Amino acid sequence: MKSKAVYSVLTIFASTMIMRAEDVKSAPQKITPVVVKGTAIGAELNPTSPSLILSGNALEILPQSNLGDVLADLPGVSTSYFGPNSSRPVIRGLEGDRLKITQNGTSTLDASSASPDHAVSADPASIREIQILRGPAALIYSPSILGGVINLIDNRIPVELLPQQFIINSRFGSVDQLSMQSVSAEGSFGSFAFHVDAFQKKTDDLSTPIGVITDTSSDSDGAGLGFSYVKNDSFIGLSYSGLNSTYGVTEPDVKIGLRQRRWELAGGISSPSDNFKSINYKASTTDYVHTEFESGQPGSTFKNNGFDSRIDFELAKSGSLEGLVGLQMGKFDFSVVGDEAFLPDTRNTSSAAFGSFVQELSDTSLRLRYGFRIESAKVKSSDWVHEGVDGSYAASQASFVPQSFSLAIEKAINAQWVSTLTLSTTERAPNYQELFADGPHIGTDSYEVGNRNLDKEKGIGIELEIAKSQGPISTSFSIFYNRFSSFIIQERNGYGPLTSSADYQLGGTEELARYDFVSVPADFYGSEIKMNFQIQETPTTKLGLELFGDYVRATHRDSSEALPRISPGRVGLGLHGLSQEWNWRFDYTYHLPQNHVANDETTTAGYTMAGASVTKLFKLSACDALFTLRLANLLNREAYNHSSFIKTQLPLPGRSVEAGLKLTF
Amino acid sequence: MVSFFGLFYKPESKSVDLAQNQGVQIQFIDLAEFETPSPKSSSILPEVVTALPPKQMAEIPLQAPVAEVKKTKVKSEPAPEVVVKKDSVAPQSNLPTQSVIPAKFTPQVAGKFPVPLYPRWAKQQGIHGQLLLRVTVGASGAVLKVKIEESSGNNALDEFAMDWVAQRWIWPKGIENTVLVPFVFELK
């Protein structure tokens with residue numbers, strides 16, 4: 001073989017060289033390279049490896065108006081789109097508490113899972129990395145993993161000494177008159193590393209193909225400050241951050257004013273003993289409040305105060321086994337006061353033990369990943385009134401022990417293809433709303449009634465993924481089936497009680513449609529595909545064609561009726577490349593129509609979306625500059641998102657241009 | 001920020017001699033391509049490679065005692081006709097990576113040569129690359145000097161590697177030494 005020949009030539013040559021070196025004692029020795037590998041996806045898996053990481057320029061090019069939009073183009077992801085300001089991601093048809101969103105590994109305490117019009121209390125402007133975890137690794141954050149877990153990282157607590165860096169970022173958009181500015185500075189003083197960031201973002205009412213949608217403007221600002229003491233093998237850091245946002249939710253004269261303050265503590269030590277590769281701990285306390293203003297008058301106020309804490313023990317590699325075990329403990333108090341007090345005050349506590357492992361097998365083409373999470377979750381309400389009757393002390397609380405397990409079997413079919421079979425069984429404790437709601441919920445125009453006797457939500461999932469990551473044609477294809485023996489949904493049950501309060505009058509009627517939380521058997525199945533043909537690949541010129549698509553269908557198994565608000569999926573083509581130092585991409589996507597609808601739903605037409613983006617990295621005197629330009633809905637199509645609660649009133653944004661410039665000093 | 005890290009060695013030791021860097025072309029041979037040398041052709045001795053003159057350096061596993069070699073430049077050695085492109089080799093999937101390399105480096109002598117974790121800031125920004133350090137170790141085992149022979153193109157990454165070697169590597173006492181330390185920061 002050629003390589004062998006080269007090797008022997010080198011050996012002979014090297015032998016003569018070393019003799020010469022000894023003779024003249026002249027040249028320094030050169031050691032074998034110190035190879036430092038970044039956490040890669042796929043080949044270099046460890047027990048906590050996300051299945052997807054977005055950071056740096058890859059994150060910069062995405063839309064930034066809310067977390068849903070940032071992730072919307074990823075396979076399997078849709079958004080809850082309650083206007084441009086409140087849009088949570090939905091993965092494989094699962095959302096809310098089924099799709100855990102954490103910030104730096106601990107809970108983002110907010111009210112976003114209680115109602116679709118409530119924004120997630122983390123603005124993309126201060127997020128530096130997004131991790132999506134699936135399968136066994138996701139169990140370190142949540143027992144409900146069939147959609148995945150989203151971990152947002154804001155870099156506010158440095159984990160190492162940092163090089164000096166100063167960033168100014170600006171973005172402007174046409175469709176909502178977006179104007180966003182952010183700054184951040186990082187560096188180190190001796191053994192201290194610091195990070196400070198701030199942003200301001202304003203948008204006006206959203207333009208759509210049918211005109212401007214009023215009451216969709218927003219005005220947000222946020223800032224964070226963190227520092228760490230870093231020693232050789234350890235660090236400890238503290239951060240404080242805040243987010244203020246006032247935003248419209250498409251309802252006339254209604255504005256939500258959100259205020260969140262968060263303290264975080266984090267630390268870690270690597271190789272504390274022979275048994276551990278590292279020990280990391282984190283704790284955060286969050287003080288969240290939002291008030292819904294109607295014509296400037298405060299209506300309802302939602303509060304969520306609590307903490308979350310965790311400790312992760314990364315075990316030293318033992319034979320072929322790598323693992324991480326840990327404990328998590330958190331508590332939050334949730335309350336609503338005012339007109340929309342459809343929830344009693346609740347205290348929610350949970351503690352969990354979890355583990356995630358990767359094991360190489362003697363058959364080197366096989367690798368196992370597995371994990372577990374066992375939780376104890378308690379919800380205790382005070383002043384719970386159900387159908388006009390005060391709940392007893394015993395009835396006002398509920399506790400659950402969700403247990404989830406997941407096993408992934410990876411098999412290398414050959415040098416290029418890998419197949420992964422993932423089997424999961426997951427349980428989720430019903431939340432305060434599903435258990436104790438009882439009252440008018442204006443955000444969804446409904447009278448919500450919880451069920452104190454709900455049992456855990458239980459599901460099993462099976463997924464097969466086949467992927468090829470090397471060569472000019474790379475692809476990944478996955479197919480999944482998630483079968484819930486009990487899935488908690490809201491079911492229509494006539495009308496809520498008549499109320500005389502004028503505040504409850506909506507659309508001229510005092511009667512609100514009543515929805516009860518019930519548990520039903522449900523099936524979710526679907527698939528995702530991504531295939532890239534790299535037509536040209538040199539350091540300066542690239543050209544590739546991507547084919548992508550996803551599909552999901554969700555059914556109430558007993559009635560064979562569809563579950564509501566499931567975006568069915570899409571198929572698309574993307575052409576991307578690099579030429580003249582410009583990175584560019586063009587996408588043409590057909591979003592499938594949804595004809596498989598729930599009883600009180602209407603169908604949604606399919607639509608095509610065309611979009612394009614260009615980015616260029618260049619030097620602007622002493623700093624690195626990144627220019628991004630994004631064009632969306634080029635055809636200006638009138639389109640509706642089936643997973644939106646208010647889809648009929650709110651089309652997707654019209655044709656838009658968004659430009660950004662990021663300067664790094 | 002350079003001075004913030006100057007805990008264990010003098011700041012002036014960080015000088016980057018650009019003139020020296022110019023023209024030095026180091027081509028790393030991916031060891032994965034080579035079969036493990038058989039006992040006949042190799043002993044258990046460390047993998048030490050002589051630095052070659054500019055444009056002639058290559059990373060070569062070979063048999064040699066850890067010799068005390070003083071730093072003097074060899075400038076007039078004939079160039080071997082060996083060119084191995086990094087692009088042409090297979091990925092290092094079969095190769096043990098972390099911690100193995102330093103262990104191979106000086107198995108007979110005490111010392112610790114840990115491999116760093118990839119810095120988060122570099123990972124997030126997609127910063128990667130190769131660099132070469134010249135490390136001068138005194139008889140006391142103290143690092144006297146760390147110098148960039150070849151930059152990765154990113155100052156912060158260069159400094160990270162310099163700080164790591166200067167602060168985290170522990171050298172044996174009694175051996176004066178100058179070694180060239182290649183770093184490869186690899187992101188996929």
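Tutor: Let's begin with a definition: the expected span of a helix is 1.5 Å times one less than its number of residues. Helices (H or I, at least four residues) and strands (E, at least two) are DSSP runs, numbered from the N terminus. This is a predicted model, in which local features need pLDDT of at least 70 and side-chain atom pairs count only at pLDDT 80 or more, while totals for chains, interfaces and linings use all residues. Residues are numbered from 1 along each chain as its sequence is written, and chains are lettered from A and ligands numbered from 1 in the order in which they are written.

Student: How far apart are the end C-alpha atoms of helix H4 (residues 155–168) of chain B?
Tutor: H4(B) has 14 residues, so at 1.5 Å a residue the helix should span 20 Å. The model agrees with that, as the end C-alpha atoms are apart by 19 Å.

Student: How many residues of H4(B) are buried?
Tutor: A residue is buried if 20 or more other C-beta atoms lie within 10 Å of its own, exposed if 12 or fewer, and partly exposed in between, with C-beta atoms placed from the backbone. B:Phe160 and B:Trp164 are among the buried residues of this helix. H4(B) is mostly covered, and of its 14 residues the buried ones number ten.

Student: Which elements do the buried residues of H4(B) pack against?
Tutor: Contact here means that the C-beta atoms of two residues, placed from the backbone, lie within 7 Å. In chain B, the partners are helix H3 (120–124), strand S4 (129–137), strand S5 (143–150) and strand S6 (177–186).

Student: In what order do the elements of chain B run?
Tutor: Chain B holds four helices and six strands. Read from the N terminus on, the order is α-β-β-β-α-α-β-β-α-β.

Student: How many residues has the largest nonpolar core?
Tutor: A nonpolar core is a set of buried Ala, Val, Leu, Ile, Met, Phe, Trp, Tyr and Cys residues joined through C-beta atoms within 7 Å. A:Ile130 and A:Ile140 are among those with the most contacts inside the largest one. Its number of residues is 37.
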